[in-house]
Amino acid sequence: TNVVVEDKLPAGVTYVSSSFVSNPNSIQVNQEVSGSTLKYSIPEMPANAVITIYVKVKANQLNGSSASTIVNRVKVESEENDINPDDNTAEDVNSVKPFFIPNVITPNNDGKNDSFVIQGLGRFVSNEIVILNRYGDHVFERKNYDNNWNADGLVPGTYFFVLRATDSQGQVQEFKGWIQVIKD
């Protein structure tokens, strides 16, 4: 009785939403969100019952170009004596990878910015990119772009892109911007 699940979200993420599924379905779960602390109160939980809590968070913008590791810890308590309190905490470790779209490429084969490389593109299950010149002509189109466009055969100048990327939940995100191509 009086089961409390507390999740203090780690720095680096922002709470979006949460939901839960219980078996049996009649279990009452009350949620309280206070800043980055999520608290789920369950007045009564029968033996062998299962409650799965899903928490959706958004990773905050990373500073720099390296991945960040976040550790989320959750603890559960109840009114009754617990014969094994060591299993009342759980930990989940995740790596947050940066997503960065550059706006300059210099395809001169010096090994630096030679192609249009979108960092973190692998976080999406699929993508589609269209690159246009200043007149709106398609100069490059690719499904499942693999960071290899280097403006081959094109003049220096400003190009525009539309990137549509699909995440693992099937949601499509669209990114638009420009790329300055500088050639010697």
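## Ground rules

Residues are numbered from 1 along each chain as its sequence is written, and side-chain values use heavy atoms, with hydrogens and water left out. Because the model is predicted, local features need pLDDT of at least 70 and side-chain atom pairs count only at pLDDT 80 or more, while totals for chains, interfaces and linings use all residues.

Strands here are DSSP runs (E, at least two residues), numbered from the N terminus, and two of them pair if DSSP finds at least two bridges between them.

Within this sheet, β11 (residues 157-166) and β12 (residues 172-181) are antiparallel partners over 10 bridges. To find your place along them, look for Phe160, whose bridge partner in β12 is Trp178.

## Two nonpolar cores

The largest nonpolar core holds 18 residues, and Phe116, Ile118, Ile129, Ile131, Tyr145 and Trp149 have the most contacts inside it. A nonpolar core is a set of buried Ala, Val, Leu, Ile, Met, Phe, Trp, Tyr and Cys residues joined through side-chain atoms within 4.5 Å; buried means under 20% relative accessible area, exposed over 50%, and partly exposed in between, using a 1.4 Å probe and protein chains only. Two or more residues come from each of β9 (126-132), β11 and β12, with β11 giving the most, 4 residues. A second, separate core has 14 residues, including Val5, Ile27, Leu38 and Leu62.

Ser115 sits in the loop between β8 and β9. Not counting residues up to four places away in sequence, Ser115 touches Ile105, Asn147, Asn148, Trp149 and Asn150. Ser115 and Ala151 are 36 residues apart in sequence, yet their C-alpha atoms are 7.7 Å apart in space.

## Around strand β4

β3 (residues 30-34) and β4 (37-42) form a hairpin with 2 residues between them, and Gly35 in the turn has a positive phi of about 65°. These two strands run antiparallel, joined by 5 bridges, and Gln31 has Tyr40 as its bridge partner in β4. β4 is also antiparallel to β1, with 6 bridges joining them; here Val3 is partnered with Ile42.

In a regular strand the side chains alternate between the two faces of the sheet. In β4, the covered face carries Leu38, Tyr40 and Ile42, and the uncovered one carries Thr37, Lys39 and Ser41. Over in β1 you will find Glu6, which counts as buried because its relative accessibility is 15%. Leaving out residues up to four places away in sequence, Glu6 touches Thr37, Leu38, Lys39, Arg73, Val74 and Lys75.

## The largest pocket

The largest pocket has a volume of about 1600 Å³. Of its 45 lining residues, Val13, Lys56, Val57, Lys58 and Ala59 are the closest to its centre. β5 gives the most to the lining, with 9 residues.On a 1 Å grid over the protein atoms alone, a pocket is an open set of points with protein on both sides within 12 Å along at least five of seven lines, and lining residues have an atom within 4 Å of a point. The volume is the space filled by probe spheres set on the points, which are joined across faces, edges and corners.

Technical notes. Contact means heavy atoms within 4.5 Å. On a 1 Å grid over the protein atoms alone, a cavity is a set of points where a 1.4 Å probe fits but cannot get out, and a pocket is an open set with protein on both sides within 12 Å along at least five of seven lines; lining residues have an atom within 4 Å of a point.
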